Structures are given as C-alpha cells and as structure tokens.
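Hi,

Here is the model I promised to pass on.

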Amino acid sequence: MSPFRIAHVLLPCLIGVCLAGCDSPTDRFRPNGVYARVASYHVDADPQTATSDIDALLSAWFGTPDSPRLPEGFPPGLIDPKGLARAAGPVSSDKQGVRFGIYRANCVVCHGLDGGGNGPAAALQNPYPRDFRPGVFKYKSTPRGFKPTRADLAKLLRQGLPGTGMPSFARLSEEDLNAAIDYVIYLSIRGETERRLLRMAFEELGYAAEEASADPGDRLTMLESGHLADAELADEVGALVQEIATTWLNAESLEIPEPPAAFEADRAAAAERGRELFHGPLANCASCHGQNGDGGAVTLDFDDWTKEYTTRLGAGPESSEVRGLRRVGAMKPRPISPRNLSWGNFRGGSDERALYRLLVSGIAGTPMPGLLIVAPPQGDEAVVGITPDQVWDLVAYLQTMSAPGNSP
Ligand code: HEC
Ligand code: HEC
C-alpha cells in the first residue's frame, strides 16, 4: 500500500480516537517551546523565563482559544472579529443555528490548538500538517516569500491538497469557511509575533543567560492590565504586530503573461522544448525529479519547518538534542522527497496558469526552487535564465508527463 493510501485509511480512525480521547487543556495556547529552544540555542540561555513572560504578553494581546482578541491598533479589514469569534471556542451553535468552534470541529485534530501543526492526528502524516506560526505557506498565487491571499486560502479549503492529509472542506458554508480563514490568519499572526518576540528577548531584551538577572527592568513581564508598562517597548511590540499584519495585507497575486502563439498552436513541439529544458542545466528539474520526472533522485533534504530545529542548528536529525525537542512538540524529522511528476494531480493546481506560477515561485518552505526568469534576449545578447516562453514550454511538458490515472 502506498503511504498516501495508508494515510487516507488511517486518518479517519485517528480522528475517531482523538475525538474520543482529546483531553489536552483548551483554555490556553501552549507556548512555542521548540522555537524558544531554537532562539536561545546559541546564547546558551534557559528559555523558561522568556517563554512565560511572552506567554503572558500574548494572552493579554491576543486572548485565549476560547476568547480570542486582536491587539489594540490591529489594522482593520484583515480579520473579521465576528469570524474570529465563530471559528474559536468549543463546538456549539446558538438559537439561530449559527455555528461556533469551526476550527476545533474541523482543523484542530491535525493543526493543533495553537496552529503548530502537531495536533493529535499529525504524527503519522507525511507531509505533516502545516505549522501556521512561521507564516510560511506553500500553495498560493503570490510570490514565494509572500503570504497567501484570502482567495488562495478559500481555494485551498474548498479543494484540499491531493495526496496529503489536508481534506476538502467544500461542505462548509461560505460563512464557516471565511471564519476558518480568519482564524488561520489570526493563529499565524499570533504565532509569528511569538517567534519574533522570542528572538527579540534573547537578542535585545536581556534574557540571555549572563544578563537575565542583571536588569529585570528590560523584561516583558511589566504588564499592567494587559498593557506593557514601558511605553517605548509597547510601541515596539505594537509596531511588530502591525508589520506582520501588513505582510498579509500586502499579499498580491503574481501576474501571469499570456502563453505565446507557438504554445497554443503546437503543444507537442512546446512539450518537446520543455523536455529538453527539464533535463538541461538551466532548469535542471531532472536533478531532483529524476530522468523521467518520477522522483528518482534520493535526497536527504528536509523542509524549512524541520531544518529550523535540526540542520540549521547544526544538530543531526537523529541527535539527542533533536530527540529532546520532540518532548516540547517538535515532529520527528522526515526527509522531503521531490514529487513523482507522472502522478499529476498537483497540489497547487494542475491547470496551466497554476503550473506557470509554481515554476516561477517554486514551493515556499521546501527545496523546490523558483526559476530565474529573464527577459527574452535582444539580438545575440547572451542571457542566463529562463524566458517566460520557456516556462510555458515546461508547463506543456509537465502536462504530457502527468497523465490522469497515474496517481497512486
Ligand atoms: C486530517 C488532517 C488535516 C485536517 C483535519 C486539516 N488539515 Fe490543513 N493541512 C493538513 C496537511 C497534512 C497539510 C500540509 C500539506 C503539505 O504540506 O503539502 C495542511 C496544510 C494546510 C494549510 C497550508 C497550505 C499551504 O499552502 O501551505 C492550511 C492553511 C490549512 N491546512 C488549513 C486547514 C484548516 C483551516 C482546516 C480546518 C478547516 C484544516 N487545515 C484541516 C492536514 C489537515
Ligand atoms: C532541488 C530539488 C528540486 C528541483 C531542482 C526541482 N524540484 Fe520540483 N519539487 C521538489 C520537491 C522537494 C517537491 C515536493 C514539495 C512538497 O511536496 O512539499 C517538488 C514538487 C514539484 C511539483 C509538485 C507541485 C504541486 O503543486 O504539487 C512540480 C510540478 C515540480 N516540483 C516541478 C518541477 C520542475 C518542472 C522543475 C524544474 C523547473 C523542478 N520541479 C525542480 C524539488 C525540486
């Protein structure tokens, strides 16, 4: 049985087990213990004080899983407070039949209460459910380093991600779906704020070991009825939340040029040119995806979520440090494989425009690179890179390589 099939058979059972026995506390968000260790790794500090101070600050600013809120000055128009309230809290409905607890009913089993991607059904999945807290998303219409648009998230929730545990939520009403989107953005901004504060704590705020006790005045604990007592620090943290929220407001879809006439006129010839590019040194797809695109090359690479607490710290995936991190919520490192392209049914979409976008942006958080796109050469000028017309040729090749019915 393929891993995908196994995941699909096992998941419903796992979800059943969880609903029967999920008794972890839901009244507060768990601090990001893994990132606290990562941020303090090189300063040799005990992350405990910083973690609990930041936890107190985040509760004051973002509320709790049952009653989330948005910090003062949060840019309007990004998250609908009504949607947030509907998605949060335990599963229930009011007299008018409005449903609450959308996130807990549909998502928490995989993505976890705090959006850490390590819910009770996460461990056996490959790929693991997304950790929303670093604010990195794979399948979207925006450039690689950007956030997805709301429309991208709506499409994702309607369609799910084929070949992964992420199911389709097409059955949810428009309002429930929008509430889930509000909540994902909320968890992601909360999580990114937490990460930035943890870094700030060790790099600037005197939480590193030698200084920790020296100047407690610098610490974030100085909360007075939900406000930071130090006005300067409060402004700094406020600006940080604003900055993260702005990255969501700035999400804009990439523009895709029209395919050239030659692509429309003769797909077979375009696919043949695409085949050469696929194997050639510039696009170099075959180096990862194998000669026939069937995922031949064996790699021992990881996605960025995993690299953060393994190779980037200089800690081997099997090391005792990494095993220790699993006690605070890290997932067991799993190598990421280049996809078998003959399966088709691509996660970011299999239509031409989605594939064009994929090739230009790559897949954020993974080794799949974006292509270096250059303007077509003028005369005999030499350029290094792939022209937009050549991207279309690769799209044509991808479509011939992946026949429907090949997928496992
Ligand atoms: C059965 C497990 C499961 C459930 C339930 C689930 N997800 Fe996911 N989700 C996944 C997996 C697995 C991935 C990662 C797929 C990948 O990396 O290719 C994912 C990825 C995502 C992503 C990131 C997509 C990207 O482009 O990076 C978002 C957003 C998301 N899920 C939202 C939700 C929401 C909202 C719900 C509830 C309405 C939900 N998920 C329910 C398993 C699940
Ligand atoms: C450095 C290795 C590497 C190179 C080079 C590379 N890829 Fe990938 N590619 C990957 C990995 C890894 C994934 C799987 C990502 C995942 O599942 O999260 C992937 C996934 C894909 C997917 C699946 C996308 C989806 O939406 O499901 C397609 C299509 C693809 N690659 C095409 C290409 C093409 C065409 C090229 C050359 C222009 C290329 N790749 C170059 C590593 C690579």
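Which residues coordinate the iron atom of ligand 1? They are H111, through NE2, and M166, through SD, at 2.0 to 2.2 Å. Donors here are N, O and S atoms within 2.8 Å of the metal (3.2 Å for Na, K and Ca), and water is not among the atoms, so sites may look incomplete.

Before going on, the ground rules: this is a predicted model, where local features need pLDDT of at least 70 and side-chain atom pairs count only at pLDDT 80 or more, while totals for chains, interfaces and linings use all residues. Residues are numbered from 1 along each chain as its sequence is written, chains are lettered from A and ligands numbered from 1 in the order in which they are written, and side-chain values use heavy atoms, with hydrogens and water left out.

Back to the iron. Its site is octahedral, with angles of 86 to 178° among 6 donor atoms (six donors, opposite ones over 155 degrees apart and all others between 65 and 115). The pair links distant parts of the chain: H111 sits in helix α6 (residues 108-111) and M166 in the loop between α7 (150-159) and α8 (174-203), 55 residues apart. Helices are DSSP runs of H or I, at least four residues, numbered from the N terminus. Both H111 and M166 are buried (under 20% relative accessible area with a 1.4 Å probe, protein chains only; exposed is over 50%, partly exposed in between).

H111 and M166 turn up again in the second largest pocket: among its 41 lining residues, they lie nearest its centre along with G165, P167 and F169. The lining divides into 26 nonpolar, 10 polar and 5 charged residues. A pocket is an open set of points on a 1 Å grid over the protein atoms alone, with protein on both sides within 12 Å along at least five of seven lines; lining residues have an atom within 4 Å of a point.

Elsewhere, helix α15 (residues 352-361) has A354, L355, Y356, R357, L359 and S361 buried. It is followed by G362, whose phi is positive, near 70°.

Finally, T49 belongs to helix α3 (residues 48-62) and is partly exposed, at 37% relative accessible area. T49 and Y207 are 158 residues apart in sequence but 7.7 Å apart in space, C-alpha to C-alpha.

Cheers

Methods
Four donors count as tetrahedral if all angles lie between 85 and 135 degrees; four count as square planar and six as octahedral if opposite donors are over 155 degrees apart and all others between 65 and 115; anything else is irregular. Helices (H or I, at least four residues) and strands (E, at least two) are DSSP runs, numbered from the N terminus. On a 1 Å grid over the protein atoms alone, a cavity is a set of points where a 1.4 Å probe fits but cannot get out, and a pocket is an open set with protein on both sides within 12 Å along at least five of seven lines; lining residues have an atom within 4 Å of a point. Ala, Val, Leu, Ile, Met, Phe, Trp, Tyr, Cys and Pro count as nonpolar, Asp, Glu, Lys and Arg as charged, and the others, Gly among them, as polar.
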